[in-house]
Amino acid sequence: MIADGVLERVAVADGGAPVILPAGAALDPAAPSAAVLLSPFDNLLWDRPFARRVLAFDHLIEVYKKEHERRYGYYVLPFLWRDRIVGRADLKSERAEGALVVKAFHREPGIRDSRALGEAFDRALDRLRRACGLDTVRRV
């Protein structure tokens, strides 16, 4: 497909292997505005070396660790905001009370707290709450 001009190899500034993109793909698209809580099993995170290289995110699922060995929580959802993962949310669904409970939010290194970050996180929580059929978000 490269020889046919459908795809092209593009060098990456990090010195790693080139990436393959559709020929003529926009390399400077508009800034993304997503605010999404990802499943820890999302296919964006399957390839840990890829997640480290592209997102600067080292993902480790802690559900199999003993409680005292966990750093972030039992079932933590990475928080994708704009073009990077900026934090990890330790959440729990309390179905009996109809609440999505925020047990903790851990910002990634170098991510500062801001009103924009808080508003984006609130939007992502509300979206997840609705998708799960819950009525409220409660912070511990």
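User: How many cavities of 30 Å³ or more does a search of the whole structure find?
Analyst: One. This is a predicted model: local features need pLDDT of at least 70, side-chain atom pairs count only at pLDDT 80 or more, and totals for chains, interfaces and linings use all residues. Residues are numbered from 1 along each chain as its sequence is written, and side-chain values use heavy atoms, without hydrogens and water.

User: What's the volume of the largest cavity?
Analyst: About 90 Å³. A cavity is a set of points on a 1 Å grid over the protein atoms alone where a 1.4 Å probe fits but cannot get out; a pocket is an open set with protein on both sides within 12 Å along at least five of seven lines; lining residues have an atom within 4 Å of a point.

User: Which residues lie nearest the centre of that cavity?
Analyst: His 59, Leu 60, Ile 61, Glu 62 and Val 76, out of 14 lining residues. By class, the lining has 10 nonpolar, two polar and two charged residues. β4 gives the largest share, three residues.

User: How do its lining residues divide by class?
Analyst: 14 are nonpolar, four are charged and none is polar.

User: Switching to Tyr 64. Where does it sit?
Analyst: Tyr 64 is in the loop between α1 (48-55) and β4 (76-81). Helices have at least four residues (DSSP H or I), strands at least two (E).

User: Is Tyr 64 buried or exposed?
Analyst: Tyr 64 counts as exposed because its relative accessibility is 71%. Exposed means over 50%, buried under 20%, partly exposed in between (1.4 Å probe, protein chains only).

Terms used. Ala, Val, Leu, Ile, Met, Phe, Trp, Tyr, Cys and Pro count as nonpolar, Asp, Glu, Lys and Arg as charged, and the others, Gly among them, as polar. Grid points are joined across faces, edges and corners, and a volume is the space filled by probe spheres set on the points.
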